[in-house]
Amino acid sequence: MPKLIIDDREIEVPAGTKVIEAAERLGIKIPRFCYHPGLGSVGACRVCAVKFLEGPFKGVQMSCMIDAKDGMVVSTTDEEAVNFRQYVIEWLMLNHPHDCPVCDEGGHCLLQDMTVSGGHGIRRYLGLKRTYHDQYLGPLVQHEMNRCIHCYRCSRFYQEFTGYHDLGVMQIGSRTFFGRYQDGTLESPFAGNLSDICPTGVYTDKPSRFFGRRWDYQRSPSICINCSLGCHTVASGRYREVVRQEARYSEAVNGYFICDRGRYGFFYTSNEERPRQALVDGKEVSYDQAIREAREKLGELIKSTGPDAVACVSSERSSLETQAMLKKICQTKGWQGPHYFLDESMAQKVKSASSRLESGLAVSLRELESADFILVIGADPVNEAPMLALAMRQAQRRGGKIAVIDPRPVSLPFEFHHLNVTPNEVNLCASLLVKTAVDLGAATDLEQPGIEFYQAIPKLETVSSSLQEQIAKVAQELKESKRPIIVCGTETVRQTTPALAADHALLLQATNKQAGLFYLLPGANSFSASLLASEDGSFLETLEGIENGTIKGLILVERDLLLHFHDRQRMELAFEKLELLVVLDYVNSRTQQRAHIFLPTSTLYEAGGIFITQEGRLQVVPRAHLSGTPIAQVSGGNHPPRIYESEIPGGEPRPGWQALAELVHEEPQPDENTTRSSVLNGLSELNPAFATIPAIDELPEDGMRVSSPEESSPRFSLDWIHELERKESPDKSLELVLVNWTFSTEELSQYSPPLMKLEKEAAVFMHVDDATSLGLSDSDKVTILLDRGALEASVSVKENMAPGIIVMPRHRLLEWQKIETLPKFVSHEEIKKVSV
Amino acid sequence: MDHNEDVIHPMLPAKLRTSLAEHIARVDHPRELVVDVMFAIQDQFGFLSDEAVEEVAQLLNMSPLEVEELATFYTFIYREPVGKYVIHVCDSVVCWMDGYESIQDHLRSKLGIEMGETTSDGLFTLLPVCCIGYCDRSPAILINKEVYGPLTPEKLDEILENLRAQG
Ligand code: SF4
Ligand code: SF4
Ligand code: FES
Ligand code: FES
């Protein structure tokens, strides 16, 4: 490890560290524009000049381009270096407008900081400045090209880092222009990061434009709950609403960036239609009255029918505290549930993922970047968890090979092998691939069941010869890899797949590979839900209970059944049978509108809370601000009303856990922090896995992994092989595969106005062979007859997907909830072309 | 990734398109041919239109932006119509020492246009260029890729006369 001296202080850094980084470790921030730790060095802007006094380099050099070496003596304050930097800044400012007061970057602008700190205060250049036309770049990013200092961060980020190619640099010399070929919406789902990384105001956050300066905002660390990865963010709030969200660095999770769903998924919290008042039969009442009435009604119900006439359902977007509180209540009161999953098969998949994620296998999102082979089993990264695609791209840029086994028309911003087999073949294909790549002779200490598992995998000849060829080719790359990682989805795979993925990772480990395992789960807090979920009873049984009258009261906590359940009509009928429907939520969902008693809960930003990522990483989110109607909504754009009150208007919502505690306990409840601590203290009684978690204020920055007690599920099960024998698909019918899209399907981001503008038209995907035999061509409109009626969508015909399926997004604007049972098959007769 | 899901209406003559496509099919990394393809189309049409940029992108499975990045970087790719004779005046250091500015001034007044413009008869376009490697003949210019130099205003007059005579 080289040791060097910077500004008279010695520091030792790992080999390969740039001098600019070494200085930063000493707390010396050398000016920089083009250098970004996430993107690396290019030496384009010349503002990081320092003077090398001793060592292998001498004189003024760029600190971002030079590796720290033993014996270096560096000065950042040497007059020559200081002057050099000052001139560079002056020269960058030649063309830059002098109008910081009207620039939305002002206040968090690197150029502004550098200009002031670099000592360039008086403008000497009196000539004309070069100007550009700005472009329309879509709803997220505002373009103001006159502010550009040509550091190239944006084009490097956009093209090299994210792998999208519709933004870059054109022209030369003083005409150099950063933007798109033509005006239009940026295609990358990571485009929002441009606003973070541009050191000036060329790209700024459009939805929050001119809302405030950075110093006006209450900035608070937060995490994203728009998918299961839990990327780190900074929430900026002002006047009782979150107005902007930026990426926050996380060593283990997301690095420097986040996706646009995460960045702009927060609008639900300040949604104008968000119900902030407690309601009884649709009428606004005080919180306490609603609680009182709910308690009374529950009491009557229980008195007449017994405690098991009440059932509870929560969701994967509730915090651990809320999920756990509900669980505790059900245990003590004898109520049914809670169910966190609607689909039993999904509950099993998540359970098997969370229990099979042993600490020897689990890898973080960042660790995935250094894999030399990634095998994706049943996942569509850009659509399900966009930042996964970005991490995979970094692995691929470093030479890693990537193979995706998935029936969907998966598209990724890099080269990869796509084995687009049918949903039934996914397990087989993955197993054949691993079997072909693994030489059992080389396997050290593989247990007997592992050997049997290996031997039970069918022969490669069981699949078509073209698939054999593909598998053989990919298997060779897997064989040569040293650090392979298996990524396994849960949305579209069979129930046995998550366990199978873990077994394959073990097989790879047994052949001396440093294999890793990475799951995707359906929601932000699925992992936590699965640690709390009880073994017995399913949501479906509860539903049947409602239908046959044994369950009369239902408590829904942050769960929109009419959105998520696949049979909306059945759900609505069940609601009608209920004597009492209590809903606790922070969004104005369809379900919320059906409640007899509604209790508003506070959002993540207002309550804070604990979420456990798909990797089992428990992360604590602090509260960003107190609940209250945004001032903009109270004042209608004018000055806020001058009314003196001790309460915050619209401040009724309470954290889910607190509202629940009040709902069941007669005696006055302690404040929400005390309630929270008591739930957290009791966690290990609900699942011993929580016993290892320290007090939440002692948790490290990146949270920590909870692993469920090992040996909880058996390794090397052969269930998947029995599943192969079952031929599910009735002849000539197409299996309906419900999927998620980057925008338009995820529940919370559906309330985001800027993201709505990015939604693609709801279309179903079909393999070209199926389309041909149905007489359909691309963009045709069809009606698809489901169990509860037909729905209309346009068809997108694809070659790069499996035949025999219809891929249907759970699109906000598509009423897909017309399905009696899953899996659902649609016959050819049920698909009709709509003639125009 | 496929950058060109929407098919663009072809503007190229079928023959040129086929020959380009064949050429592209023979190489491992199609995008290495982007400059050649742009030149081939420019030779046909005299300049590279927006449609041409999009067509190049489609032929090479690149995004139009990536083609535009290169098209606007290279001096000899013209993104607008140019005159019959394109005069590139070298403005790099040796030509500067030897007085390229007077050459440029002379051309501007003689042709009655500014740098970057084309005469109204469509004969001449004036453009700057950086060092063309004929420093030994500085000040030097290129006219339709042919070098002239060392130049004096008199020699320039003669050259322009000749070209005018050829029409
Ligand atoms: S637009 Fe911003 S990020 Fe891009 S080159 Fe200009 S200053 Fe740098
Ligand atoms: S990848 Fe997922 S967790 Fe990360 S920012 Fe995007 S939606 Fe949020
Ligand atoms: S930061 Fe070093 S040259 Fe730009
Ligand atoms: S400087 Fe003009 S040709 Fe070299």
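This is a predicted model: local features need pLDDT of at least 70, side-chain atom pairs count only at pLDDT 80 or more; totals for chains, interfaces and linings use all residues.

User: What is the value of phi at A:Ser779?

Analyst: A:Ser779 is found in the loop that runs between helix H28 (768-773) and strand E30 (781-786) of chain A. This residue is not a glycine, and yet its phi is positive, with a value near 70 degrees.

User: In what order do the elements of chain B run from the N terminus on?

Analyst: The C-alpha trace of chain B spans about 55 × 30 × 25 Å along its principal axes. Its secondary structure comes to seven helices and four strands. Read from the N terminus on, these elements run α-α-α-α-β-α-α-β-β-β-α.

User: Is H1(B) roughly parallel or roughly antiparallel to H2(B)?

Analyst: Helix H1 (residues 14-25) and helix H2 (residues 34-45) of chain B have axes that come within 11 Å and cross at roughly 165 degrees. Angles over 145 degrees count as roughly antiparallel. The crossing angle therefore makes H1(B), in relation to H2(B), roughly antiparallel.

User: Which residues make the contact of H1(B) with H2(B), and into what classes do they divide?

Analyst: H1(B) passes H2(B) in a right-handed crossing. From H1(B) the contact is made by B:Leu16, B:Leu20 and B:Ile24, while H2(B) brings B:Val37, B:Ala40, B:Ile41 and B:Gln44. Sorted by class, the residues of this contact divide into six nonpolar, one polar and no charged.

User: How do the residues divide by class where H3(B) meets H4(B)?

Analyst: Helix H3 (residues 50-60) and helix H4 (residues 64-71) of chain B pack at an angle of about 115 degrees, with their axes 8 Å apart, and H3(B) passes H4(B) in a right-handed crossing. The contact is made by B:Val53, B:Glu54, B:Val56 and B:Ala57 of H3(B), together with B:Pro64, B:Val67 and B:Glu68 of H4(B). The classes in this contact come to five nonpolar, no polar and two charged.

User: Which residues of H14(A) and H16(A) meet each other?

Analyst: In chain A, helix H14 (residues 448-456) and helix H16 (residues 497-510) pack at an angle of about 110 degrees, with their axes 11 Å apart. That angle makes H14(A) roughly perpendicular to H16(A). The residues of their contact divide into four nonpolar, two polar and one charged. By name, those that meet are A:Gly450, A:Phe453 and A:Tyr454 in H14(A) and A:Leu500, A:Asp503, A:His504 and A:Leu507 in H16(A).

User: Which element gives the largest share of the lining of the largest cavity?

Analyst: A search of the whole structure finds nine cavities of 30 Å³ or more, and about 190 Å³ of space lies in the largest cavity. The elements that give two or more residues to its lining are strand E16 (336-339) and helix H9 (344-356) of chain A. The largest share, four residues, comes from H9(A).

User: Which of the residues that line the largest cavity are closest to its centre?

Analyst: By class, the lining of the largest cavity has six nonpolar, six polar and four charged residues. Of the 16 residues that line this cavity, the closest to its centre are A:Glu344, A:Ala347, A:Ala533, A:Ser534 and A:Gly537.

Key. Residues are numbered from 1 along each chain as its sequence is written. Chains are lettered from A and ligands numbered from 1 in the order in which they are written. Side-chain values use heavy atoms; hydrogens and water are left out. Axes are lines fitted to C-alpha atoms, for helices over the stretch in contact, and angles run from 0 to 180 degrees between N-to-C directions. Angles under 35 degrees count as roughly parallel, over 145 as roughly antiparallel, 65 to 115 as roughly perpendicular and the rest as oblique. A crossing is left-handed if the near helix is turned anticlockwise from the far one by less than a right angle, and right-handed if clockwise. Contact means heavy atoms within 4.5 Å. Ala, Val, Leu, Ile, Met, Phe, Trp, Tyr, Cys and Pro count as nonpolar, Asp, Glu, Lys and Arg as charged, and the others, Gly among them, as polar. On a 1 Å grid over the protein atoms alone, a cavity is a set of points where a 1.4 Å probe fits but cannot get out, and a pocket is an open set with protein on both sides within 12 Å along at least five of seven lines; lining residues have an atom within 4 Å of a point. Grid points are joined across faces, edges and corners, and a volume is the space filled by probe spheres set on the points.
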